[in-house]
Amino acid sequence: MKIGNHIATGKLLVIALFCVLAASCSKYETYAEQKEAESDAIKAFIAKNNINVISESTFFSNGNVTDLSRNEYVLFASSGVYMQIVRKGCGEKLKKGETATVLCRFSERNIKTDSLVVNTNTVSFRRFSDKMNVTNTLGNFTASFINGESWMVDAYKTTSVPSGWLVPLAYINIGRPTNPDEEIAKVNLIIPHSQGHARATQYVYPCYYEITYERGL
C-alpha cells in the first residue's frame, strides 16, 4: 500500500503551515515556558472534555480498565501519558519475545492549537493503515513504522514510532476479528511532547490520539 501522492501532498502542506505557525509562536519562549504552556493546554483539554483522571494504582486495582461511563483516563506518571481504553480488543496481548506486525488507524489533534492534523479514521481512508513492526522484549515494547505503508512516515519523515503509541500495548489485545461480534482494540491517548513524534518534541506541543490496533497478516 502506497498512499496517493496528491493526498499526501495536501496533508504535508497542512503540516508545513502548522510548522511555520508553531515556530513563530515559540520563537521567543524558553523551553521551560513552552513546557508550562503545554501543561496548561493539557489541563484545559481535560477540563473542556470532562475527563476524569485516575491514578495507576486505581487503574490496576480496577483490573486495568477505564470506565467509559465516567470518561476515565489513567495517568502514567513516569511518562505523562493519559490513556483511555475504549475496547480491549479481540485476540491476545503480544507475548514476551514476540515480534508482530500491527496495523493502526488514527486521528491526531494538536492540543495546543486545537487543530486536527492527520485523520485516517474516516470511511474514505478505511483501506489505509499505518503498519509497524512491534517487539515485546520482557515487557518493553519497541517499534518502527514500515516505510511506504505509513502516514506517519510520510508526514514526519521518520520510521520511529512515538513512545506514547506503545504505552497501551501492555493492556490491550492485538488480534484480528474472526466473527462479527469481535472488535479490534481502540484507545484514546493524550501524549506530551516528550513521548510524541519528532515534530511535537521539537515544538513542544501535546497531541490527542484516537487509535485502533489490529494484528497484521
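**Close-up 1. Asp114 and its salt-bridge partner.** With a relative accessibility of 45%, Asp114 counts as partly exposed. In this predicted model, Asp114 forms a salt bridge with Arg109, and the closest N and O atoms of the two residues are 3.4 Å apart. Arg109 is itself partly exposed, because its relative accessible area is 26%, which lies between the limits of 20% for buried and 50% for exposed. Lys48 joins Arg109 and Asp114 in a network of salt bridges. The structure holds nine salt bridges.

**Close-up 2. A salt bridge between Lys131 and Glu149.** The side chains of Lys131 and Glu149 meet in a salt bridge, with an N to O distance of 3.1 Å. This pair links distant parts of the chain, the two residues being 18 residues apart. Lys131 belongs to strand E6 (residues 130-137), whereas Glu149 lies in the loop between strand E7 (140-145) and helix H4 (151-156). Lys131 has a relative accessibility of 23% and therefore counts as partly exposed.

**Close-up 3. A salt bridge between Glu92 and Lys95.** Here the side chains of Glu92 and Lys95 meet in a salt bridge at 2.6 Å, N to O. Lys95 counts as partly exposed, with a relative accessibility of 47%.

**Close-up 4. A surface patch of negative charge.** Glu29, Glu33, Glu36 and Asp40 gather on the surface in a patch of negative charge. One of these residues, Glu33, is found in helix H2, which comprises residues 31-48. Glu33 counts as partly exposed because its relative accessibility is 39%.

Terms used
Residues are numbered from 1 along each chain as its sequence is written. This is a predicted model: local features need pLDDT of at least 70, side-chain atom pairs count only at pLDDT 80 or more; totals for chains, interfaces and linings use all residues. Side-chain values use heavy atoms; hydrogens and water are left out. Patches are made of residues with over 30% relative accessible area and no salt bridge: like charges are joined within 9 Å, nonpolar side chains (Val, Leu, Ile, Met, Phe, Trp, Tyr) within 5 Å. Accessible areas come from the Shrake-Rupley method with a 1.4 Å probe; for residues, only the protein chains shown count as cover. A salt bridge is a side-chain nitrogen of Lys or Arg within 4 Å of a carboxyl oxygen of Asp or Glu. Lys and Arg count as positive and Asp and Glu as negative; His and the chain ends are not counted. The place of a charge is taken as NZ of Lys, CZ of Arg, CG of Asp or CD of Glu. Helices (H or I, at least four residues) and strands (E, at least two) are DSSP runs, numbered from the N terminus. Buried means under 20% relative accessible area, exposed over 50%, partly exposed in between (1.4 Å probe, protein chains only).
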